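Me: I am new to reading protein structures. Could you take me through this one step by step?

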Amino acid sequence: YLGTMSDVFNQLDEDSDGKIQLEELERHLSDPDVGAYFTSMGVDVAEVGKLFMLLDEDGNGSIEREEFMFGCARLKGEAKSLDLAILSRDVAS
């Protein structure tokens, strides 16, 4: 599983700067492999903006490798995990 997360991160990080920008994530979610990866975690790829917001823990507008790995591990599981994570973040704000 961790190897897959790293592979997906590398695929999303088009310019190899160690960060995923929203535009990079949007472009790759239509890729069947990337879409299947997130779908297998119960994440609706149509919610790309919300997904990006949740993975971007520090809110700096990019997702670093550590944020991606931790965020995907946190989201993996129940079908509604993205909704629960959004609710949790909204409540904490």
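Reply: Happy to! This is a predicted model, where local features need pLDDT of at least 70 and side-chain atom pairs count only at pLDDT 80 or more, while totals for chains, interfaces and linings use all residues. Residues are numbered from 1 along each chain as its sequence is written, and side-chain values use heavy atoms, with hydrogens and water left out.

Me: In what order do the elements of the chain run from the N terminus on?

Reply: Helices (H or I, at least four residues) and strands (E, at least two) are DSSP runs, numbered from the N terminus. The chain has six helices and two strands. Read from the N terminus, their order is α-β-α-α-α-β-α-α.

Me: Which residues is F38 in contact with, leaving aside neighbours within four places in sequence?

Reply: Contact means heavy atoms within 4.5 Å. F38 is one of the buried residues of α3, together with V34, G35 and Y37. Leaving aside neighbours within four places in sequence, the partners of F38 are L12, L25, L29, V43, V45, L51, F68 and C72.

Me: Why are the buried residues of α5 on the same side of that helix?

Reply: In α5 (residues 65–75), the buried residues are E67, F68, G71, C72 and L75. They lie on the same side because they cover a limited arc, taken from the directions from the helix axis to the C-beta atoms. On the other side of α5, E66 and F70 are exposed.

Me: How are α4 and α5 placed relative to each other, roughly parallel or roughly perpendicular?

Reply: Axes are lines fitted to C-alpha atoms, for helices over the stretch in contact, and angles run from 0 to 180 degrees between N-to-C directions. The axes of α4 and α5 are 9 Å apart, at an angle of about 115 degrees. Angles under 35 degrees count as roughly parallel, over 145 as roughly antiparallel, 65 to 115 as roughly perpendicular and the rest as oblique. The two helices α4 and α5 are therefore roughly perpendicular.

Me: Is D56 buried or exposed?

Reply: D56 sits in the loop between α4 (48–55) and β2 (62–64). Not counting residues up to four places away in sequence, D56 touches G61, S62, I63, E67 and R89. Because its relative accessibility is 5%, D56 counts as buried.

Me: How far apart in space are E64 and D17, C-alpha to C-alpha?

Reply: E64 belongs to strand β2. In sequence, E64 and D17 are 47 residues apart. In space, their C-alpha to C-alpha distance is 9.2 Å.

Technical notes: Buried < 20%, exposed > 50% of the residue type's maximum accessible area, 1.4 Å probe, protein only.
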